[in-house]
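Keep the picture in view as you go.

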Amino acid sequence: MEIEDLLNKLGLSKKESSVYMTLLKNGSMTVGSLSKESGINRPAIYKLLPDLQKQGLVVLTPYGKQKKYTAEPPNKLKTLIDDLKFNLLEKLPDLESIYELKDKKPDVKFFKGKDGIGQIFMDVANSLERKGTYYRYTASEDLKKIDKYIPKEFRIIRDRKELEAVIISSKSANEQKWVHPNRVIKYIPDEFDLFDQGVTMFIYAEKISIIDYSSELGIIIENKKITEFQKKLFKFIYQKL
């Protein structure tokens with residue numbers, strides 16, 4: 001990396017770097033000679049020098065009736081590094097807050113049609129680690145038509161990873177075939193009509209997926225706090241059944 005590139009990274013502009021390097025190489029110089037040697041016009045030099053003085057990189061040296069400018073030793077650049085580090089540490093809490101705020105904002109994705117619903121099932125399988133658990137609300141009516149939406153790869157990945165399914169469904173779903181070594185299920189009495197809308201919800205990883213089979217629409221919400229809240233609510237209901 002070139003020296004002037006390093007100076008730029010420390011906060012000096014290209015012209016400021018050029019002025020400093022010119023003074024460093026030539027010693028004390030008047031504005032006129034500095035302008036001629038650096039190739040930067042005099043008005044620009046007059047604007048640049050005060051900033052370089054404030055940064056402690058250039059000093060004004062009276063020389064009779066003339067004013068000459070001299071570059072400070074390179075070790076003064078350490079001050080720029082220290083100032084940069086101090087400012088960074090001072091602003092770090094603000095940066096952390098911005099980063100944490102990003103995590104608090106839900107990431108929402110929408111899906112449509114048979115293929116879109118299939119993508120949701122695949123997201124459940126792919127998002128979980130081996131022997132992970134997903135929680136699911138589903139209706140008995142869904143079980144009669146759900147097969148056409150489930151990709152073959154979902155069951156392959158689910159079984160290979162030995163994923164556990166914890167399910168809450170309607171009482172009439174008890175008539176369906178739910179036998180699976182990694183599946184447990186409890187039923188809500190049909191009179192409560194909680195599953196008469198044809199909607200399924202998955203809670204897994206840090207996500208919630210909702211599928212409306214009647215309109216073939218689905219949504220995935222990715223947010224840790226929302227997912228944890230729904231997971232605790234699911235477990236509470238499951239324990240009470």
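Q: How many aromatic pairs does this predicted model hold?
A: The count comes to seven.

Q: What makes Phe-121 and Phe-202 a pair, and why is the pair called edge-to-face?
A: Their ring centres lie 5.3 Å apart. The cut-off for a pair is within 6.5 Å, so the two rings qualify. Their planes stand at 75 degrees. Over 60 degrees counts as edge-to-face, so that label applies.

Q: Which parts does the pair of Phe-121 and Phe-202 tie together?
A: Phe-121 lies in helix H6 (residues 113-127). Phe-202 lies in strand E7 (residues 199-204). The pair therefore ties together parts that are 81 residues apart in sequence.

Q: Are Phe-121 and Phe-202 buried or exposed?
A: Phe-121 is buried, and so is Phe-202. That label calls for under 20% relative accessible area.

Q: In what order do the seven strands of the open sheet run?
A: The order is E3-E9-E8-E7-E4-E5-E6, with mixed pairing.

Q: Why do strand E3 (107-112) and strand E6 (183-188) count as edges?
A: Each has a single partner strand, so one side of each is left without a neighbour in the sheet.

Q: How do you know that strands E4 and E5 pair?
A: Pairing needs at least two bridges. Strand E4 (residues 133-138) and strand E5 (residues 164-170) have six, so they pair, and in the parallel sense. Within this pairing, Tyr-135 stands opposite Val-166 in E5.

Conventions. Residues are numbered from 1 along each chain as its sequence is written. This is a predicted model: local features need pLDDT of at least 70, side-chain atom pairs count only at pLDDT 80 or more; totals for chains, interfaces and linings use all residues. Side-chain values use heavy atoms; hydrogens and water are left out. Helices (H or I, at least four residues) and strands (E, at least two) are DSSP runs, numbered from the N terminus. Rings of Phe, Tyr and Trp (its six-membered ring) pair if their centres lie within 6.5 Å; planes under 30 degrees apart count as stacked, over 60 as edge-to-face and the rest as tilted. Buried means under 20% relative accessible area, exposed over 50%, partly exposed in between (1.4 Å probe, protein chains only).
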